[in-house]
Amino acid sequence: MHSRCAVSVCHVFMLVLCLSAAEDFDWTKNNHGSFYYGTFPAGFSWGAGGSAYQTEGAWDKDGKGLSIWDVFSHKKGKIQLNDTGDSSCEGYYKIKDDISLMKDLRLNHYRFSIAWPRIIPTGIKSDHVNEKGIQYYDELIDHLLESNITPIVTLYHWDLPQVLQEKYGGWQNISMVNHFNDFANLCFEKFGDRVKHWITFNNPWSVAVEGYETGEHAPGMRLRGNGAYRAAHHIIKAHAKVWHTYDTQWREKQKGLVGVSLSGDWGEPVDISNQKDIEAAERYVQFYLGWFATPIFHGDYPQVMKDFVGRKSVQQGLGTSRLPTFSPQEKSYIKGTCDFLGIGHFTTRYITHRNDPPGRSSNSYFTDRDLAELVDPRWPDPGSEWLYSVPWGFRRLLNFVKTQYGNPNIYVTENGVSEKMMCTELCDEWRIQYYKDYINEMLKAIRDGVNVKGYTAWSLLDKFEWDEGYSERFGLYYVDFRNKNKPRYPKASVQFYKRVISSNGFPNQREVENWKRKAVEMCSSSNQLLAAEEQRSTAANILRLIHDPLTSHMEMVTEIVVPTVCTLSILISAVLLMFLLRRRN
């Protein structure tokens with residue numbers, strides 16, 4: 001598939017390197033294997049994560065400026081049930097409470113993001129720097145370190161200052177590169193004496209595609225065929241500039257690391273004996289993960305992206321490719337700007353070749369790939385409609401990264417599963433199974449020689465899930481969003497993950513099965529506690545509504561009937577579980 005060659009000797013050499021790396025990955029061999037009992041290398045780092053907009057709340061407090069997500073979520077119809085992140089988990093006010101949860105889990109690291117508009121309200125450093133925002137992150141970092149928890153800090157987790165979107169068009173504009181570099185440089189100056197692991201961008205694929213192509217995410221722009229590629233181009237340049245800023249100004253003194261967190265679903269050929277399906281599966285991964293990883297590690301976009309987007313652009317009658325190009329100087333500047341690679345991974349798709357004929361009105365990132373995505377109906381899918389549990393795809397992806405990018409140091413920055421139901425069940429056995437299987441596939445990848453250094457469960461808390469609002473829950477801890485105090489309750493997966501961390505893996509079958517059994521037993525008491533809290537909340541709502549005759553019937557249904565049904569469901573499940581446990585004993 002790498003059929004075209006650049007003129008210069010340098011580019012020919014790079015192409016040979018890419019060809020040899022691609023040939024190292026065997027698309028025809030997929031040995032799922034059985035569960036492997038063993039432990040992770042000494043010093044392996046276990047963590048959990050969250051992000052600023054999803055967890056902090058305090059959207060307009062203490063001098064914080066507006067972000068594109070503040071504005072987007074306030075537009076009716078953009079978010080499920082018109083939810084917003086205005087208060088979210090109220091993490092801004094609960095630093096000590098949440099760190100106590102991390103200590104109970106025995107985390108080695110916690111991954112969080114710094115809200116750009118909380119530090120620089122307009123996004124333009126020369127306008128104003130918000131000292132209260134800096135104080136908040138100072139406090140968070142200091143409390144983490146006092147608890148022997150390493151902060152892993154993301155600089156951009158999607159909350160671009162709104163002023164930059166309105167004034168320049170956000171990531172469509174090259175000026176974002178310098179503004180982002182100013183913000184990052186300020187963070188290095190203020191926090192770099194204590195923070196040694198920096199992530200420039202979280203999942204830039206979503207920023208580009210869902211923010212500027214489909215419009216599902218903030219800022220909600222629908223620039224089909226061009227918007228995603230232009231946004232990604234500027235993001236890659238911004239990442240490289242920040243890495244060089246750290247490398248030249250801060251590395252010698254602070255001795256930290258700067259990486260990027262890229263998300264990638266795995267793409268498996270529908271038919272591993274069909275060369276077209278194999279090529280389509282590789283295209284899927286290259287258009288997803290390789291879009292960003294290949295420039296950062298090798299200096300330019302994947303050849304298959306240049307070929308396919310270029311050819312379709314010509315067929316559409318365009319004079320140049322819709323995929324932007326890097327100059328020779330930019331290629332050398334971008335190449336190698338990664339001290340570690342963050343990988344966010346959740347699921348897998350089967351991929352087959354499909355011809356998408358070009359057309360002026362139909363051109364898009366998705367049709368440029370000439371492929372179809374399929375799922376196996378037998379794959380479990382307890383929550384998000386896109387998230388199927390396919391553990392073996394995780395090992396395949398990690399091995400692909402190893403062969404394509406010179407076996408870099410990897411931190412798994414996001415991995416987890418959601419549930420989507422009106423009444424959340426604290427006894428989340430499906431999440432325990434997901435973590436058990438995915439962590440085990442990561443362990444197998446390490447045995448394959450992949451340099452995985454740490455793992456981040458996603459996420460510590462239930463939180464605002466972007467366009468899905470609060471309808472999906474990824475947390476190890478349940479958050480009661482109806483209660484203004486946003487109390488946290490441990491799910492069964494907390495106990496299971498804690499055991500994995502304490503044992504640094506999976507010692508033996510009997511012990512691991514015992515962890516799961518005990519975790520589910522313990523969650524019954526949490527269910528009862530949550531039910532009691534919901535009863536109190538329901539009673540308070542009834543009193544409030546009695547004194548407010550103008551309250552609509554719909555509000556009564558959502559505020560009283562639904563919590564009551566949930567309370568009954570939780571109580572019944574808790575009693576049933578206790579009965580079964582007594583019978584077993």
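Q: What is the handedness of the crossing of α9 and α12, and at roughly what angle do the axes cross?
A: In this predicted model, the crossing of α9 and α12 is right-handed. The axes of α9 (residues 204-212) and α12 come within 10 Å, and they cross at roughly 120°.

Q: Which residues of α12 make the contact with α9, and how many nonpolar residues does that contact have?
A: On the α9 side, the contact is made by P204, W205, A208 and V209; on the α12 side, by F287, Y288, W291 and F292. No polar and no charged residues take part, and the nonpolar residues number eight.

Q: At what angle do α10 and α12 pack, and what is the handedness of their crossing?
A: Helix α10 covers residues 227-249 and helix α12 covers residues 275-298. Their axes lie 10 Å apart, and the packing angle is about 35°. The crossing of α10 and α12 is right-handed.

Q: Which residues of α12 meet α10, and how many polar residues does this contact have?
A: From α10 come A228, Y229, A232, I236 and H239, which meet F287, W291, F292, P295 and I296 of α12. By class, this contact of α10 with α12 has nine nonpolar residues, no charged residues and one polar residue.

Q: Which residues have the most contacts inside the largest nonpolar core, and which element gives the largest share of this core?
A: Nonpolar side chains tend to be buried together in soluble globular proteins. Here the largest nonpolar core has 156 residues, and W171, W198, W291 and M442 have the most contacts inside it. The largest share of this core is 13 residues, and it comes from α12.

Q: Why does the distance between the end C-alpha atoms of α6 agree with its number of residues?
A: Helix α6 (residues 131-146) has 16 residues. At 1.5 Å a residue, taken over one less than the number of residues, the helix should span 22 Å. The distance agrees because the end C-alpha atoms of α6 are also apart by 22 Å.

Q: Which residues of α6 are buried, and what covers them?
A: The buried residues of α6 are G133, I134, Y136, Y137, L140, I141, H143 and L144. The cover over these residues includes α2 (52-55), α4 (95-105), β3 (109-113), α5 (116-119), β4 (150-156) and α8 (176-191).

Conventions:
Residues are numbered from 1 along each chain as its sequence is written. This is a predicted model: local features need pLDDT of at least 70, side-chain atom pairs count only at pLDDT 80 or more; totals for chains, interfaces and linings use all residues. Side-chain values use heavy atoms; hydrogens and water are left out. Axes are lines fitted to C-alpha atoms, for helices over the stretch in contact, and angles run from 0 to 180 degrees between N-to-C directions. Helices (H or I, at least four residues) and strands (E, at least two) are DSSP runs, numbered from the N terminus. A crossing is left-handed if the near helix is turned anticlockwise from the far one by less than a right angle, and right-handed if clockwise. Contact means heavy atoms within 4.5 Å. Ala, Val, Leu, Ile, Met, Phe, Trp, Tyr, Cys and Pro count as nonpolar, Asp, Glu, Lys and Arg as charged, and the others, Gly among them, as polar. A nonpolar core is a set of buried Ala, Val, Leu, Ile, Met, Phe, Trp, Tyr and Cys residues joined through side-chain atoms within 4.5 Å. Buried means under 20% relative accessible area, exposed over 50%, partly exposed in between (1.4 Å probe, protein chains only).
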